[in-house]
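Please open the structure in your viewer and keep the selection tool at hand.

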Protein chains: 2
Amino acid sequence: MKKVAVILSGCGAYDGAEINEAVLTLLALDRAKADVTCAAPDITQKHVINHSTGSEMEDEDRNVMIEASRISRGAIQPLNSLKTEDFDAIIFVGGYGVAKNLSSFAFDGAQYDADPEVVDLIQQAHKQAKPLGFMCIAPVLAARALGDKGVRVTIGNDPEIAAALEAKGAQHVECPVDEAVVDEENRVVSTPAYLLANSLTEAEAGINKFVAAVLKLA
Amino acid sequence: MKKVAVILSGCGAYDGAEINEAVLTLLALDRAKADVTCAAPDITQKHVINHSTGSEMEDEDRNVMIEASRISRGAIQPLNSLKTEDFDAIIFVGGYGVAKNLSSFAFDGAQYDADPEVVDLIQQAHKQAKPLGFMCIAPVLAARALGDKGVRVTIGNDPEIAAALEAKGAQHVECPVDEAVVDEENRVVSTPAYLLANSLTEAEAGINKFVAAVLKLA
């Protein structure tokens, strides 16, 4: 039974983890009988978005890990408690939470940085040759942590985001919604998911291939 | 293309809509190429639960519809704006939100009542012979609105909840997690989902049959 850590960045596409991506990932892992641990940083969200209007709820303060536990039905670990040696693979789900809570990409664009705990986790897993999966916008984390390895990733086909990844040393590969890109050398898998998906079934096709590729490397 | 309204009660198993149930329902509907409208009551949640600890977050106030829109990626209608004649079927997803925000079942047990807007919607749809689906704990709503019709539903096998439904005039039918119960006469479908499911794949099996049965009646 493969042990997989799934990293969430809150609960909701516009300020946290993309819920459909998270559930489809957990579903694919459950079908493959993986042993899953969900984790998220125990930090305050950068902001809270009213998803029905798109506007910020300025009086709200929410914690990334507590909100993420809504997706996992309660079971969640603080990100900084994870030991990479306890897992066979680590998957980062997408959503704006990756660009807001796990990195500064939503605010700083190409000049972004990522949370030091996240960078450490990725670099530690890479040193131990553990496969890593990055969905949707999460390849910004891979580029920050593994840009010096020339990591190959996809964020679909957005030239501006691709340029930001390449500025960190990553190689961007265009990829349709129903496929995944595998960097065999760095043991890194990525898929565009809701950067391109127009429906749950479109997202599911790519996510299933992505999860299968991560588990194959594990 | 079948038009289906999916009714949510927030975002999170312990104070809102069960997220896995919601996504699996939307996935099954998307595979069937249904045209989906998500809706939720525009009311304050009864309370907010920290899902990582199970305890109440007493200083938090959240709106059922705004939180539900996290699951639907923004697209949500207030429940009281729905016109049953615009839809071919209506599905109520489960989660404690049904027992807390759409009814008082979590607080009042067998003496529970349901939100008048919810009762009206169900009775209106029933009069128009529209199929109705109730997942997980949502059959408490069916029992309240259609108990006088002797509606046949399942909540799995919990004798106490079953007795509460029967006190309203409903007939309870035991059902395993991977099946759905169809009341052909009342055009009502139900499935236990996370009242019994121990995993996403277990929930998915019953939810797929449930959605197929609702669409078959539509």
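Helices (H or I, at least four residues) and strands (E, at least two) are DSSP runs, numbered from the N terminus. This is a predicted model, in which local features need pLDDT of at least 70 and side-chain atom pairs count only at pLDDT 80 or more, while totals for chains, interfaces and linings use all residues. Residues are numbered from 1 along each chain as its sequence is written, chains are lettered from A and ligands numbered from 1 in the order in which they are written, and side-chain values use heavy atoms, with hydrogens and water left out.

**Stop 1**

Select B:T25, which is found in helix α1 of chain B. Is this residue buried or exposed? Buried means under 20% relative accessible area, exposed over 50%, and partly exposed in between (1.4 Å probe, protein chains only). With 0% relative accessibility, B:T25 counts as buried. Now display its surroundings, where contact means heavy atoms within 4.5 Å. Leaving aside residues up to four places away in sequence, B:T25 touches B:I91, B:V93, B:M135, B:I207 and B:V211.

**Stop 2: where the two chains meet**

Next, show chain A and chain B together. The contact takes 36 residues from chain B and 36 residues from chain A. The size of an interface is often given as the accessible area lost when the parts come together. Here, buried area is the accessible area (1.4 Å probe) that two parts lose on being put together, summed over both. Chain B and chain A bury about 3100 Å² between them, and 52% of it is on carbon and sulfur atoms.

Select A:R73 and B:E18, whose side chains meet in a salt bridge at 2.7 Å, N to O. Across the interface of chain B and chain A, the rule finds 8 salt bridges.

Which helices of chain B take part? On the side of chain B that touches chain A, at least two residues each are supplied by α1 (19-31), α2 (64-71) and α8 (200-217) of chain B. The most comes from α1(B), with 8 residues. Sorted by class, this side of chain B has 16 nonpolar, 9 polar and 11 charged residues. For this sorting, Ala, Val, Leu, Ile, Met, Phe, Trp, Tyr, Cys and Pro count as nonpolar, Asp, Glu, Lys and Arg as charged, and the others, Gly among them, as polar.

**Stop 3: the rotation axis**

Keep both chains in view. Copies are superposed by least squares on the C-alpha atoms of residues with pLDDT of at least 70 in both. A rotation of 180° with 0.0 Å of shift along its axis superposes chain B on chain A (RMSD 0.0 Å). The two copies are thus related as by a two-fold rotation axis. The same surface serves both copies, since 100% of the contact residues of chain B recur in chain A. Select B:V23, which of the residues of chain B comes closest to the rotation axis, at 3.5 Å (C-alpha).

**Stop 4: the loops on either side of β5**

Move to the loop between α5 (116-127) and β5 (132-135) of chain B, where B:A129 is found. Phi of B:A129 is near 60°, a positive value in a residue other than glycine. B:A129 is partly exposed, with a relative accessible area of 40%.

Then select B:C136, in the loop between β5 and α6 (139-146) of chain B. B:C136 also has a positive phi, of about 65°, although it is not a glycine. At 5% relative accessibility, B:C136 counts as buried.

**Stop 5: helix α6 of chain A**

Switch to chain A and select helix α6 (residues 139-146). Among the buried residues of α6(A) are A:P139, A:V140 and A:L141.

**Stop 6**

Finally, return to chain B and select B:H172, in strand β7 (residues 171-172). B:H172 counts as buried, at 16% relative accessibility. The C-alpha atoms of B:H172 and B:V153 are separated by 5.3 Å, although the two are 19 residues apart along the chain. End the tour at B:I155, whose backbone nitrogen lies 3.0 Å from a polar atom of the side chain of B:H172.

Note on methods: A salt bridge is a side-chain nitrogen of Lys or Arg within 4 Å of a carboxyl oxygen of Asp or Glu. A polar contact is a pair of N or O atoms within 3.5 Å; within protein, one must be able to donate a hydrogen and the other to accept it, and residues adjacent in sequence count only if both atoms are side-chain atoms.
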